[in-house]
Amino acid sequence: MFRAFLIKYAEIGVKGKNRHLFEDALVHQIKVSLKRCDGKFFVHKTQGRIFVEAEGEFDFDETVGCLRQVFGISGICPVVYAEDEGFEKLAERVVDYVDKVYPDKNKTFKVNARRARKDYPKESMEINADLGEVLLNAYPEMTVDVHNPDIMLSVEIREKIYIYSEIIPGPGGMPVGTGGKAMLLLSGGIDSPVAGYMIAKRGVKIDAVYFHAPPYTSERAKQKVVDLARIVARYTGPIYLHVINFTDVQLHIYETCPHDELTIIMRRYMMRIAESIARDRDCMALITGESIGQVASQTMQSLAATDAVCGMPVFRPLIAMDKQEIIAESQKIGTYETSILPFEDCCTIFVAKHPVTKPKLSQIEESEKLLAEKMPPLVAEALESVQIIQIGKGR
């Protein structure tokens with residue numbers, strides 16, 4: 001029955017003179033997402049509306065699923081459309097629409113007409129009243145409720161006439177690419193994929209870096225991160241995943257520095273390396289999945305010690321969320337089942353039995369002086385050997 005969708009957006013609508021740039025970005029992201037679906041689609045915008053029209057056969061559920069992963073979409077409305085062949089034909093189409101979509105007619109309704117084409121002979125209020133009368137005559141068991149109807153029947157009169165009543169929720173947010181670019185520190189855990197999703201929802205294009213430590217972490221652990229990146233990329237578009245061999249750096253820290261400071265110092269070197277890659281990739285910030293107090297490396301003092309090595313902003317969208325809230329979000333976006341697979345990442349291998357929870361920056365910097373001779377070439381070697389994996393289809 002449905003051959004097209006009206007795409008609704010929220011935040012974009014309050015933009016000023018550059019609103020068209022956000023609309024164009026949303027159209028582009030819709031096209032990218034629909035490449036994953038069987039079928040061909042015509043995506044276009046007109047007078048503050050974006051439409052997706054199927055050109056041939058397509059899978060309705062699959063298409064809606066792809067659209068629900070496009071940031072910037074607040075609602076997806078399956079529509080039927082008709083040529084302008086006079087009001088009588090329109091009334092027939094509306095009656096037929098209600099008959100097919102609502103087998104149970106014991107409902108309240110309201111007609112909400114929008115006449116975008118001013119040469120149409122009836123005004124919006126007149127269309128509302130006349131179509132309401134037609135429906136009441138066709139289905140006497142239906143009643144009008146203008147305040148809280150079961151069915152809000154929308155009729156938009158444009159170059160074609162669009163009829164719809166259902167709004168399938170979209171993810172909201174802003175189209176990816178309208179908010180700059182950032183680098184996600186992606187591990188195999190629950191938190192970091194959610195952090196990447198949340199920042200991307202604000203329009204930020206993301207790349208990712210993963211710290212791999214063979215033979216202490218297996219290829220299955222690496223594949224787990226690739227799989228997580230692939231799930232996140234459904235929402236964000238293509239991600240370039242930078243895999244860093246962190247083994248030698250990690251071992252040198254383990255062999256040289258006080259063990260209660262291992263986590264903080266390793267984290268500081270991860271941030272240094274991630275920032276170096278981020279600058280090469282024209283990113284403006286780093287993204288992590290840290291939450292205050294969740295583990296020893298995420299106390300206020302630990303986060304301050306970590307941030308001290310960063311010359312660019314660090315975004316932590318989960319900072320005030322508890323674990324259950326993060327888990328709920330990971331389940332919603334589809335990363336949870338992959339995140340809990342039992343493959344260790346390098347962060348969990350060299351964990352101290354009694355890590356410092358309130359590190360003093362001066363003491364951490366003093367300990368890092370022990371690394372001054374051998375660490376620079378190890379970091380350089382890690383950066384030179386980076387493996388870049390493209391996740392998701394190109395643009």
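## Working through the sheet and its rings

Strand 10 is mostly covered, with four of its five residues buried (buried means under 20% relative accessible area, exposed over 50%, partly exposed in between, using a 1.4 Å probe and protein chains only). Strands here are DSSP runs of E with at least two residues, helices are runs of H or I with at least four, and both are numbered from the N terminus.

A quick word before we start. This is a predicted model, where local features need pLDDT of at least 70, side-chain atom pairs count only at pLDDT 80 or more, and totals for chains, interfaces and linings use all residues. Residues are numbered from 1 along each chain as its sequence is written, and side-chain values use heavy atoms, leaving out hydrogens and water.

**Exercise 1. Work out the strand order of the open sheet, and find which strands stand at its edges.**

Step 1: Start with the pairing rule: two strands pair if DSSP finds at least two bridges between them.

Step 2: Read off the order. Six strands give 14-13-10-11-12-15, with mixed pairing.

Step 3: Look at the ends. Strand 14 (314-315) and strand 15 (387-391) each have a single partner strand, so one side of each has no neighbour in the sheet.

Step 4: Now see what packs on the sheet. Helix 8 (residues 262-280) touches strand 10 (181-185), strand 11, strand 12, strand 13 (286-287) and strand 14; touching, or contact, means heavy atoms within 4.5 Å.

**Exercise 2. Find how strand 11 is joined to strand 10 and to strand 12.**

Step 1: Take strand 10, which pairs with strand 11 in the parallel sense over five bridges. Here Met183 stands opposite Asp207 of strand 11.

Step 2: Go over to strand 12 (residues 239-245), which runs parallel to strand 11 and is joined to it by five bridges. Val209 has His242 as its bridge partner in strand 12.

Step 3: Check Lys205, which lies in strand 11 (residues 205-212). Lys205 has a relative accessible area of 14%, so it is buried. Its side chain reaches the backbone oxygen of Pro238 at 2.5 Å.

**Exercise 3. Decide whether the pair Phe41 and Phe58 is stacked or edge-to-face.**

Step 1: Apply it. The centres of Phe41 and Phe58 are 5.9 Å apart and the planes are at 80 degrees, so the pair is edge-to-face.

Step 2: Phe41 is in strand 2 (residues 41-46), and Phe58 is in the loop between strand 3 (49-54) and helix 2 (60-67), 17 residues apart. Both Phe41 and Phe58 are buried.

**Exercise 4. Trace which parts of the chain Phe71 and Tyr197 tie together.**

Step 1: Check the geometry: Phe71 and Tyr197 are edge-to-face, 5.1 Å centre to centre with 70 degrees between the planes.

Step 2: Locate them. Phe71 sits in the loop between helix 2 and strand 4 (75-82), and Tyr197 in helix 5 (residues 191-200), so the pair ties together parts 126 residues apart in sequence.

Terms used: A polar contact is a pair of N or O atoms within 3.5 Å; within protein, one must be able to donate a hydrogen and the other to accept it, and residues adjacent in sequence count only if both atoms are side-chain atoms. Axes are lines fitted to C-alpha atoms, for helices over the stretch in contact, and angles run from 0 to 180 degrees between N-to-C directions. Rings of Phe, Tyr and Trp (its six-membered ring) pair if their centres lie within 6.5 Å; planes under 30 degrees apart count as stacked, over 60 as edge-to-face and the rest as tilted.
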